[in-house]
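Please look over the sequence and the structure before reading the report. The text treats the sheet, the helices and the surroundings of the ligand in turn.

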Amino acid sequence: MKLTIAMIFTALSLLFSKPPAWTAEPELITLPQPRFDRGLPLMQAIQHRQSSRLFSKKNLPEQTMSDLLWAAYGINRPKSGKRTAPSAHDRQEIDLYVATANGLYLYQAKGHGLNQITAGDIRKLTSRQKFPGQAPLNLIYVVNFSRMKGVPRENALEAAAIATGAIVQNVYLYCASEGLAVVARGSLDRKKLAAVMGLGDDQHIILAQTVGYPAQ
Ligand SMILES: Cc1cc2nc3c(=O)[nH]c(=O)nc-3n(C[C@H](O)[C@H](O)[C@H](O)COP(=O)(O)O)c2cc1C
């Protein structure tokens, strides 16, 4: 076969071009370093822990988002990559999705950042109740069963629900410490929400949790 200049040029441009969109890793939006030098003493945070359903529409600052997500399920032992909440056999099967007015994101503990999944505002779809659609932040706890290979589904679901509870409580205590309003939520249309989020067969929504400033 005779190689033409055009063919060589095409081959070279394919070799050195960026990977196509469908193979490219989503960009990591890195969050500021979490602040470790603040917050109520633990006993006082526990004393203030409570659920609240009256939220202001005011957005949370990026720094607060960073502190909150790190407290929830960040890496607190960088050498081992272990997290602020426990998981059975350290499978780390829970993913934290973050729904805001600006879109849906996936929290990446490694690198402490967010991957944008969609730019759409899906907050309303995270609940059967009204207030989550107005609050600035809704966390969605999703188990990825592909990280629990060899564990029967019933046991995997039980472990995932327990692991989620630990993360949810971290968020409750962080909010108590910062004077934020928060509530865990199980009342949601999981099937519909999973479809909107583009979840796969190996993923299941365990719970949601709304966070924001308390309504004045
Ligand atoms: C698994 C779970 C699911 C919940 N689901 C909802 C919910 O869908 N909507 C809601 O408003 N509160 C929900 N809550 C919050 C409870 O109603 C709340 O924790 C309870 O009333 C006790 O109040 P407290 O958290 O202030 O102690 C849920 C709590 C848990 C642990």
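## Strands and their pairing

Residue L106 stands opposite N115 in β6. Another residue with a partner in this strand is Y105, whose bridge partner in β6 is Q116. The structure is a predicted model, in which local features need pLDDT of at least 70 and side-chain atom pairs count only at pLDDT 80 or more, whereas totals for chains, interfaces and linings use all residues. Residues are numbered from 1 along each chain, as its sequence is written.

Helices (H or I, at least four residues) and strands (E, at least two) are DSSP runs, numbered from the N terminus. Two strands pair if DSSP finds at least two bridges between them. Strand β5 covers residues 103-108 and β6 covers residues 113-118. These two strands form a hairpin with four residues between them, and G111 in the turn has a positive phi of about 95°. Strand β6 also pairs with β1, where I29 stands opposite L114 of β6.

| Strand pair | Sense | Bridges |
|---|---|---|
| β5 and β6 | antiparallel | five bridges |
| β1 and β6 | antiparallel | three bridges |

What is the order of the strands in the open sheet? Seven strands form it in the order β1-β6-β5-β4-β7-β9-β8, with antiparallel pairing. At the edges are β1 (28-30) and β8 (181-185), each of which pairs on one side only. Neighbouring strands of this sheet are turned by 30° against each other on average, direction ignored.

## Helices

Axes are lines fitted to C-alpha atoms, for helices over the stretch in contact, and angles run from 0 to 180 degrees between N-to-C directions. Residues are in contact if their C-beta atoms, placed from the backbone, lie within 7 Å. Helix α4 (residues 153-178) lies across β4, β7, β8 and β9, and runs at about 10° to β9. Helix α5 (residues 190-197) packs on the sheet and touches β4, β5, β6 and β9, while its direction makes about 90° with that of β9.

Helix α3 (residues 62-73) packs with α4 at an angle of about 140°, and their axes are 7 Å apart. The contact is made by D67, L68, A71, A72 and Y73 of α3 together with I167, N170, V171 and Y174 of α4.

## Surroundings of the ligand

Which residues are around the ligand? They are Q50, S51, R53, Q129, V183, A184, R185, G186, S187 and L207, where a residue counts if its C-beta atom, placed from the backbone, lies within 6 Å of the molecule. Strand β8 gives the most to this shell, with three residues.

Key:
Two residues are in contact if their C-beta atoms, placed from the backbone, lie within 7 Å.
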